[in-house]
Structures are given as structure tokens and as C-alpha cells.
Amino acid sequence: MVSEKIAKLINEQIAHEQYAAQYYLSMSAWFSGKDLDGIANYFRVQSKEELMHADKMFDYLNDVGGEIIIGEIAKPPHEFAGAIDIFEKALEHEKKVTRSIFNIVKNANDEGDFATTSFLQWFINEQVEEEASASQLVTKIKMVSDNPSALYLFDQELAQRVFAPDTTA
């Protein structure tokens with residue numbers, strides 16, 4: 001059985017993951033509007049991954065007997081200063097998600113909730129990858145944003161990304 005406190009934190013994280021999906025979908029729409037469909041694809045896939053994360057947490061909470069309470073999801077912004085702004089905001093958001101997951105882990109550790117701590121290890125590893133990837137993309141978009149040929153190649157690179165559901169967690 002999971003405690004009410006941990007269940008509340010996981011429910012909040014489910015809402016954070018669902019918001020992230022909407023946030024990335026909004027970023028995808030911005031790039032679609034600029035005919036940068038490869039970058040739009042990157043954020044579309046990112047959105048799907050966030051929904052998968054929410055689903056994993058939903059299933060876990062259900063498995064450990066926690067009450068699932070679907071929280072309100074705020075409307076994400078849809079206006080951005082430009083491509084660099086979007087990638088920087090994506091990196092900031094990943095860091096925020098990491099802090100939130102770390103908070104759940106800390107609380108689970110404090111309670112001796114080893115099942116939740118173990119479950120969240122996958123998310124910790126995922127966030128390390130997410131932050132590293134987002135940081136690299138910030139660097140790349142800063143390098144290419146003023147060069148149309150380089151931006152075209154960057155767009156083509158991100159067009160290759162496909163959603164691959166992870167079934168290990």
C-alpha cells in the first residue's frame with residue numbers, strides 16, 4: 001500500500017506529465033506553423049513520451065492501491081520568441097520535471113517506501129537522458145538558427161525521430 005502523501009505526489013506528477021505533453025504539442029504546433037516539420041515531429045514525439053510517462057505512473061499508482069485523482073492541466077503557452085526560446089524552455093521544463101521526480105523519491109525514501117523508490121529509478125534514468133538531449137539540442141539550435149542550410153539539415157535530423165513506447169518500466 002502506498003501512503004496518501006506519496007499517492008498525492010504521484011497524482012501531481014501525472015498531471016505534470018500530462019501538462020508536459022500539451023506543452024510539447026504546443027511547441028510542435030509552433031514549428032509546424034513555420035514549415036519546420038522535422039522539428040515539429042521531434043516535439044510531437046516528445047509529447048507522446050510524456051503521455052506514456054503519465055500512463056506508467058497511473059498504472060503504478062493503481063497497482064499499489066493508491067487513489068488516482070486526475071488533476072487539472074493548465075493551458076500551455078502557444079506564443080514563443082523563436083526557435084531558440086522553445087528549445088531553452090524545453091530544457092528548463094525537463095529540469096523542473098527532474099526536480100519533481102526527485103522530490104517524490106526523497107519523500108518515498110523518508111517513508112521507507114522502497115517499491116516507489118524502485119519504480120521511480122526508471123524515471124530518474126529517463127530524466128538524465130532527457131536533460132542531456134535537451135541541452136544538446138539547445139546548443140545545436142543556437143549554432144544553426146541563423147543559417148538556413150544548417151537549419152534545414154537540423155530539421156531533417158529531427159524528422160527521423162519516431163515514438164517507441166518503452167515497456168521496461
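Figure 1. V64 is buried, its relative accessible area being 18%; buried denotes under 20% relative accessible area, exposed over 50%, and partly exposed the range in between (1.4 Å probe, protein chains only). The structure is a predicted model, in which local features need pLDDT of at least 70 and side-chain atom pairs count only at pLDDT 80 or more, whereas totals for chains, interfaces and linings use all residues. Residues are numbered from 1 along each chain as its sequence is written, and side-chain values use heavy atoms, with hydrogens and water left out. V64 is located in the loop between α2 and α3; helices (H or I, at least four residues) and strands (E, at least two) are DSSP runs, numbered from the N terminus. Although V64 and M1 are 63 residues apart in sequence, their C-alpha atoms are 5.3 Å apart in space. Contacts of V64 are made with M1 and V2, residues up to four places away in sequence not being counted; contact requires heavy atoms within 4.5 Å.

**Figure 2. The largest nonpolar core.** A nonpolar core is a set of buried Ala, Val, Leu, Ile, Met, Phe, Trp, Tyr and Cys residues joined through side-chain atoms within 4.5 Å. The largest such core has 26 residues, of which M27, F31, I39, F43, F87 and F154 touch the most other members. At least two residues of this core are supplied by each of α1 (4-33), α2 (37-63), α3 (83-111), α4 (114-144) and α5 (148-159). The largest share, seven residues, comes from α1. Another core, of 22 residues, lies apart from it and includes I6, L9, M52 and W122. M27 touches F43, F80, I86, K89 and A90, not counting residues up to four places away in sequence.

**Figure 3. Packing of α1 against α3.** Two packed helices are described by the angle between their axes and the distance between the axes. The axes of α1 and α3 come within 11 Å and cross at roughly 170°. Helix α1 is therefore roughly antiparallel to α3. The residues of this contact comprise 18 nonpolar, six polar and five charged. Axes are lines fitted to C-alpha atoms, for helices over the stretch in contact, with angles running from 0 to 180 degrees between N-to-C directions. Angles under 35 degrees count as roughly parallel, over 145 as roughly antiparallel, 65 to 115 as roughly perpendicular and the rest as oblique. Ala, Val, Leu, Ile, Met, Phe, Trp, Tyr, Cys and Pro count as nonpolar, Asp, Glu, Lys and Arg as charged, and the others, Gly among them, as polar.

**Figure 4. Residue A21 in helix α1.** A21 belongs to α1 and is buried, at 1% relative accessibility. The C-alpha atoms of A21 and L51 are separated by 6.0 Å, the two residues being 30 residues apart along the chain. With residues up to four places away in sequence not counted, A21 touches S47, E50 and L51.

**Figure 5. Residue Q46 in helix α2.** Q46 is situated in α2 and counts as buried, with 1% relative accessibility. Its contacts, not counting residues up to four places away in sequence, are Y24, E94, E130 and R161.

**Figure 6. Residue D35 in the loop between α1 and α2.** D35 lies in this loop and has a positive phi of about 60°, although it is not a glycine. D35 is exposed, with 63% relative accessible area.
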